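Please read them with the structure open beside you.

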Protein chains: 2
Amino acid sequence: MSDSSISDYIKSYAQRIEVELLSSLPGRWPVPDVLREAMAYSLMAGGKRIRPILVIAAAEACGGKLEAALPVACAVEMVHTYSLIHDDLPALDNDDYRRGRLTNHKVFGEAMAILAGDALLTHAFYAASGAALHGVPADTVLSIVRELAEYAGPRGMVGGQVADMQGEQGLTRLDELEYIHLHKTSDLIAFSLKAGGRIGGATEEQLEALETFGTNVGLAFQIQDDILDVVGDEGKLGKAVHSDEKQQKVTYPYFIGLDESRRQVAELTELGKEAIRRARLANPERLFELADYLVGRDH
Amino acid sequence: MSDSSISDYIKSYAQRIEVELLSSLPGRWPVPDVLREAMAYSLMAGGKRIRPILVIAAAEACGGKLEAALPVACAVEMVHTYSLIHDDLPALDNDDYRRGRLTNHKVFGEAMAILAGDALLTHAFYAASGAALHGVPADTVLSIVRELAEYAGPRGMVGGQVADMQGEQGLTRLDELEYIHLHKTSDLIAFSLKAGGRIGGATEEQLEALETFGTNVGLAFQIQDDILDVVGDEGKLGKAVHSDEKQQKVTYPYFIGLDESRRQVAELTELGKEAIRRARLANPERLFELADYLVGRDH
C-alpha cells in the first residue's frame with residue numbers, strides 16, 4: 001500500500017471497513033428487524049470512515065496488523081454514527097438530511113432513532129471487546145474499552161455535545177468554542193489514534209504522542225470545517241453552506257477571522273506532526289499524509 | 001449480615017451502593033455542570049437498587065467480595081437508569097413522573113435528557129472497567145464488559161424496548177409479550193447475576209445456573225409487575241395503577257388471567273431456585289431470599 005496515494009489508501013481501507021461494519025452488526029434473531037435496519041441505515045450511509053482509518057493507520061504505524069485493529073475501528077465508527085443520529089434529532093439539531101440522505105428519525109421515526117443510537121453505542125463496546133479474539137491481550141483491550149468510554153462519555157464527546165447545545169444560546173469567548181471542538185470532535189479522533197497505538201504495541205511515550213497528534217489534528221480538522229462553512233462550495237460538501245451562520249452559531253472565523261483561523265490550522269497540524277516525529281514510530285508516513293488530507297480537504 | 005432480614009439486607013446494601021454511585025459519577029471539570037446534574041438527578045433518584053444488589057449477592061454467593069463487585073454494580077444501575085430516562089421521553093412513553101418525581105426531560109429538557117442518558121450508558125462501561133482496579137483479572141472484566149454490551153444492547157434490553165414500542169400498536173400473542181419481558185427486564189437481571197458470579201470466581205456451570213436463575217426470576221418479576229398493575233394499590237406503588245390498561249397495553253393477566261399468571265410466577269421462581277440448588281454455590285441463601293422478595297413484593 002505504501003506507494004499508493006493517500007486518497008487511494010483511504011478509499012481502499014474504507015471499503016474494507018464497510019465489509020467489517022456490516023458483518024459486525026448483530027445477527028437477526030433475537031434482534032427486531034426494524035432495529036437492525038435502523039442501525040444499518042445510518043452505519044452503512046457512507047462517509048469517509050476517518051476515525052476507523054485512523055485506528056488502523058496508528059496500529060500499522062506502530063507495527064501492528066490491520067486485522068487486530070478492525071474490531072476497535074468498527075467500534076469507533078458505531079460511536080460516531082450513534083452521535084450523529086442523536087445529534088440530528090428534533091430535540092437537538094433537528095436536521096432532515098445528512099450526507100444527502102434523510103436522517104434516521106425522518107425514516108424510522110424519533111423513538112426508533114433514539115433506540116437505534118442507543119443500540120449502536122452499546123454494541124460498539126461489544127465490537128471493541130472482540131479485539132481480544134484477534135490476539136490483542138485482554139488488559140490492552142480493557143484499556144481501550146475504558147478509554148472509549150472516557151473519550152466518548154461525559155468527560156469527552158457527550159460533554160462537548162452538551163456544551164455545543166448550550167452554546168447555541170450564544171458563545172462569547174473563543175475558549176468556549178475551543179472546548180466544544182476539542183470534546184465534540186478531537187476526543188474521538190485522539191481515542192482512535194491512541195487505541196490503534198495500543199493495538200500496535202506502542203510505548204507509553206508513543207501513546208502520548210499519538211494522543212497529542214489526535215487532539216491537535218482533530219482541532220485543526222474542526223477549525224477547517226468552520227472555515228469551509230464560511231467559504232466552501234455547497235455542492236462539494238453536500239450540505240447547505242452558511243448553515244452554521246443561519247443557526248446563529250459562531251465559528252473560529254467569527255472570532256479570529258479567516259486568515260488567523262487558517263494559520264491556526266497549519267500550526268496545530270505541525271504541532272501534531274512534530275509529536276509523531278519525536279516518538280519514532282516504525283512507519284509514521286501515513287499519519288503525516290492523513291493529517292494533511294484531513295486539514296486540506298475541500299470535501 | 002446473614003442474620004438480618006432480607007429487607008434490612010437490601011436497605012443496607014442500597015445505601016452502600018448509593019455512596020458508590022455518587023462517587024463513581026464523573027468529576028466536575030471538564031464535565032459541563034448541567035450534564036453532571038442531569039446524570040445525578042436520575043441516578044440518585046432512589047429506587048430499590050435491585051440490579052446492583054443482585055451483582056453483589058451473586059458475587060458473595062460464590063465467595064467473592066463486596067468491594068470487587070461494586071464497580072459492576074454501579075455500571076448496571078447506570079445502564080438501568082439511562083434506559084428509564086430514554087423510555088420516559090416524549091417520543092417513547094412520554095411520562096412526566098417517575099417514582100413520584102418529575103422525569104429527567106421535564107426538569108432538564110428533552111435534549112439534555114437524551115444526552116444525560118447517552119452519558120450514563122457510556123460511563124457505565126467506564127465504571128465496569130474499574131473492576132480491574134479491585135483485583136478482578138482483566139480477562140474476567142473484559143468478559144463482563146462484553147456481556148454488559150450484549151445483554152443491554154440490540155440483542156438484549158434495547159431489542160426488548162423496540163419490541164415493546166412496536167407492541168403498543170397491539171400485541172396478539174403471549175410469546176410476543178414474553179419476548180418483551182425477557183429482553184426489556186430479564187436480560188439485565190441475568191447479566192447482573194452472571195457478572196457477580198464471574199467476580200466471585202464461579203465455574204462455567206455455576207455461571208449458567210446464575211443466568212437461568214436471573215432469566216426466570218426476571219421474567220417472574222415482570223409478570224408480577226403486570227399482576228400488580230391490575231390489582232395493586234396506587235399509594236404503595238407510587239404510580240398510577242391501571243396505567244398500562246389506560247395506554248391499552250396488554251399484560252400477562254390479559255392473556256392468561258390472574259390465577260394462571262400467579263401460577264407462572266411461582267413456577268418460574270422455583271425453576272430459578274432449582275438451578276441454583278444444583279449449582280452448589282458457597283453461600284446461596286441470599287439469592288433464594290432475593291427471589292422471594294422480588295416476586296412477592298407489593299411495593
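Predicted model: local features only at pLDDT ≥ 70, side-chain atom pairs only at ≥ 80, totals over all residues.

1. Once neighbours within four places in sequence are left aside, B:H80 is in contact with B:R51, B:R99 and B:L188. This histidine sits in helix α4 of chain B, which spans residues 66-88.

2. The same surface serves both of the copies, since 100% of the contact residues of chain A recur in chain B.

3. How much area is buried between chain A and chain B? The figure is about 4,400 Å², and carbon and sulfur atoms give 76% of it. In terms of residues, 52 of chain A are in contact with 52 of chain B. Across this interface the rule finds zero salt bridges, whereas it does find 10 residue pairs in polar contact, both residues of each pair being at pLDDT 80 or more.

4. As to which elements build the side of chain A that touches chain B, at least two residues each are supplied by α2 (33-43), α4 (66-88), α6 (110-129), α7 (138-152), α8 (157-167) and α9 (174-199) of chain A. The largest share of that side comes from α6(A), with 13 residues.

5. Helix α8 deserves a look in both chains. In chain A, 10 of its 11 residues are buried, so that α8(A) is mostly covered; the buried residues are A:M157, A:V158, A:G159, A:G160, A:Q161, A:V162, A:A163, A:D164, A:M165 and A:G167. The cover over them is drawn from both chains, and includes α4, α7 and α9 of chain A together with α2 (33-43) and α6 (110-129) of chain B.

6. In chain B, helix α8 (residues 157-167) is likewise mostly covered, with 10 of its 11 residues buried. Among the buried residues of α8(B) are B:M157, B:Q161, B:D164 and B:G167. Which elements do the buried residues of α8(B) pack against? They pack against α2 and α6 of chain A, together with α4, α7 (138-152) and α9 (174-199) of chain B.

7. The largest nonpolar core holds 182 residues, and those that touch the most other members are A:V79, A:I199, A:L287, B:V79, B:L148, B:I199 and B:L287. For B:L287, neighbours within four places in sequence again left aside, the contacts are B:A57, B:A58, B:A61, B:L193, B:L210, B:F213, B:I276 and B:L281.

8. Finally, B:S4 lies in the segment before α1 (6-24) of chain B. Is B:S4 buried or partly exposed? Its relative accessibility is 23%, and B:S4 therefore counts as partly exposed. Beyond its neighbours within four places in sequence, B:S4 is in contact with B:Y9 and B:R286. The C-alpha atoms of B:S4 and B:K273 are separated by 21 Å, the two residues being 269 apart along the chain.

Notes:
Residues numbered from 1 in each chain as written. Chains lettered and ligands numbered in written order. Heavy atoms only, no water. Contact = heavy atoms within 4.5 Å. Core = buried A, V, L, I, M, F, W, Y, C linked by side-chain atoms within 4.5 Å. Buried < 20%, exposed > 50% of the residue type's maximum accessible area, 1.4 Å probe, protein only. Buried area = accessible area lost by both parts, 1.4 Å probe. Salt bridge = Lys/Arg side-chain N within 4 Å of Asp/Glu carboxyl O. Polar contact = N/O pair within 3.5 Å; in protein donor to acceptor, adjacent residues only side chain to side chain. Helix = DSSP H or I, 4+ residues; strand = E, 2+ residues; numbered from the N terminus.
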